Amino acid sequence: MKPVELNRIDLNLLTVLAALMRERHVSRAAERLNLGQPAVSHALARLRDLTGDPLLVRHGRVMEPTERALALMQGLGPALAQIEATFRAQADFEPERAAPIFRIGLTDDLQIAMLPRLLRALSAEVPRAKLVTLTVCYRNAMSYLEQGEVSVVMSFLKDLPADAKVRKVRTARFAMLRADTVPGKLSLDDYCRRRHVLVTYAGDLCGTVDETLGEIGRQRDVAFSVPQFGSLPAVLAGTDLLATVPEHVALALSAQGGLRFEPLPFEGPDYQIKLAWRAVTDKDSAEMWLRKAMLRAFND
């Protein structure tokens, strides 16, 4: 293995290597780094000369890392993250003058429930800020965070990365949405007899509410499933369909008119909503402001 002379190491080359290892594609790495493709190809050539190893080898449409590349990134990854964290921690943040670009991951229901308040806070307190919101779910939220696509996510979360920072936000419970004009609240028998719309990322006809009903010996009629909460006003309009959704999104959608909010006629399930962020941004003053603003937007 060719030894590397420290005086030949260019930090820019290491950031290119990190991007290539993440994207496994020269063009996508160039886009991530805001560089031209020739510049990334040239940097890879320099890295190969520096290490005496091909580092990434083309395999079909992607580039696969060599054992040397994997070993390098095992050590360099934490070091690069620490360097970034150090510089972030030293940066001053003046909300009225700063112009950060924030990238956050939110589930569809949280976009409905808290994003408008977050946007108002940004406009009032950090008027030059820009916000990119990506839709996540429990299946992909952590990969978005690990890959640096977002700096913070708010969701029901599983399989947290070892270096992620996490804070519990709220215990979420379920409520019912209906568009019909029949007076009075529904009984459990009414609830089970009516047809239901299920919002699910999995594309199936059974959810946690059905599991809870099964535990008490009851069953509902799930007739349709849709992938997003935002479609419910149009789907429910003019029908006697029911939708059982997290309480925060039921309150937000019913406040827009056309839908009625109603408690469930049984003890429904609950789950934890969490806020998670990259460790590298933990002491970043702009990101600290963002996380506090997200918590205020959801909990106020």
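Begin by selecting R170 and F298: the charged end of R170 sits over the ring of F298, 4.0 Å from its centre, where sitting over a ring requires NZ of Lys or CZ of Arg within 6 Å of the ring centre and within 35 degrees of the ring normal. The model is predicted, so local features need pLDDT of at least 70 and side-chain atom pairs count only at pLDDT 80 or more, while totals for chains, interfaces and linings use all residues. Residues are numbered from 1 along each chain as its sequence is written, and side-chain values use heavy atoms, with hydrogens and water left out.

Select F102 and W289, whose ring centres are 6.3 Å apart with planes at 15 degrees, so the pair is stacked. Both residues, F102 and W289, are buried, that is, under 20% relative accessible area, with exposed meaning over 50% and partly exposed in between (1.4 Å probe, protein chains only).

Move on to Y191 and F266, an edge-to-face aromatic pair with 5.3 Å from centre to centre and 65 degrees between the planes. Y191 and F266 are likewise buried.

Finish with Y138, F156, F174 and Y271, which ring pairs link into a cluster.

How values were computed:
Phe/Tyr/Trp six-rings, centres within 6.5 Å; stacked < 30°, edge-to-face > 60°.
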